[in-house]
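Here is a quick tour of a few spots worth a look. Have the viewer open while you read.

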Amino acid sequence: MRFWLVVACIVAATAGGYVLWRSVPTPVTIAAVRTGPAADLVYATGFVEADQPVSVAARLTAPVTQVLVAEGDRVKRGQALVLLDDEDQRALLAQAAAQRLGAALAERRALALFSQGWVTRAARDAAVANADAARAAEASARAHVGQAVVRAGIDGIVLKRDVETGDLATPTRVLMLLGDPAHMRVTATVDERDVARIRVGQPALLSSDAWPGRVLHGHVRELTPGGDPNQRAFRARLKLDDGPTLPPGMTLEVNIETRRVTQALLVPASTLAGGQVWVVEGGRAHRRTVRSGIIGADKAEILAGLRAGELVIDTPPADLREGDRVKARSAAR
């Protein structure tokens, strides 16, 4: 009998201790639900390139004898950039010139003899046709000599040079890349999961390690219709609205604003867990289901389930239970 009395006392003491422990308020950090702007952003990385880059290549196959410009040089349209070995082309021009001279002499003889009735009309026509063909061949050979000088197709700067004296130039090899520094764009790689949210005209915020703390503004000008199946990404072309002239090849962090709400209900993102928050009412914690919208790194938009001014628990303790007494340990954010 005494044994059971001792057990009953122990159970009563344990229960009393548990009740006393549960009655002690749990220290928590609370934050007030407030209103403010919220923006839904798509993050991407991009780089600066010429708006209309022009590849420079030779029109014939020949060794390079001289490179006349360097990277960063400003060039004018028609300016000579690269000189090719034209010895073979000049030899062909001399041969064509000699053939043109012989054909011209034969043409004059045939015309004279035809006027005197010594040759047929067919013979005269053949001589004239041969002379015309020889003149055309000489003009073509002369044009090929001119192609030994590779010239700029636009006014701009040399963005990239991939040729040196002694290299073999071919029509399929890009020797240089030209671009206009006044017309640059940013090409950003967008994950295919975010492509459906991108629209032409959406604003974008751009930043670079070259300007810490500085934000550049731009907008989406184009979204390429085809994506890269290997990277599972699409390319978005952006136009800068202001800021300095960026050098080609510079990398940028890009945040494209796909949606903005000027008056949104906001709570710290750390208050959300599985679509629920803990609300403090009368000094006690109550779990509440909410519907969220835009979720950023620090803040989350609440579409339903809360009202402005209500208090929510920031980073709620794992052992918090419905109805527990709580005590704020810091000021509401």
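In the hairpin of S16 and S17, which residue takes a positive phi? That's Gly282, with phi near 60 degrees, in a hairpin that has two residues between its strands.

Before going on, a word on the source: this is a predicted model, where local features need pLDDT of at least 70, side-chain atom pairs count only at pLDDT 80 or more, and totals for chains, interfaces and linings use all residues. Residues are numbered from 1 along each chain as its sequence is written, and side-chain values use heavy atoms, with hydrogens and water left out.

**The hairpin and an open sheet**

Strands here are DSSP runs of E, at least two residues long, numbered from the N terminus; two of them pair if DSSP finds at least two bridges between them.

| Pair | Residues | Bridges | Facing residues |
|---|---|---|---|
| S16 and S17 | 276–281 and 284–289 | six | Glu281 and Arg284 |
| S5 and S8 | 74–75 and 156–161 | two | Arg74 and Ile157 |

Gly283 is partly exposed because its relative accessibility is 31%, the cut-offs being under 20% for buried, over 50% for exposed and partly exposed in between (1.4 Å probe, protein chains only). Setting aside neighbours within four places in sequence, Gly283 contacts Asp324, Arg325 and Val326, where contact means heavy atoms within 4.5 Å. Its C-alpha is 12 Å from that of Glu322, 39 residues away in sequence.

The other pair belongs to an open, antiparallel sheet of four strands, ordered S3-S10-S8-S5. S3 and S5 stand at the edges with a single partner strand each, so one side of each has no neighbour in the sheet.

**A buried aspartate**

Asp51 is in the loop between S2 (34–50) and S3 (54–57). Asp51 counts as buried because its relative accessible area is 17%. Its side chain makes a polar contact (N or O atoms within 3.5 Å, one able to donate a hydrogen and the other to accept it) with the side chain of Arg221, at 2.7 Å. Beyond four places in sequence, Asp51 touches His183, Met184, Arg185 and Arg221.
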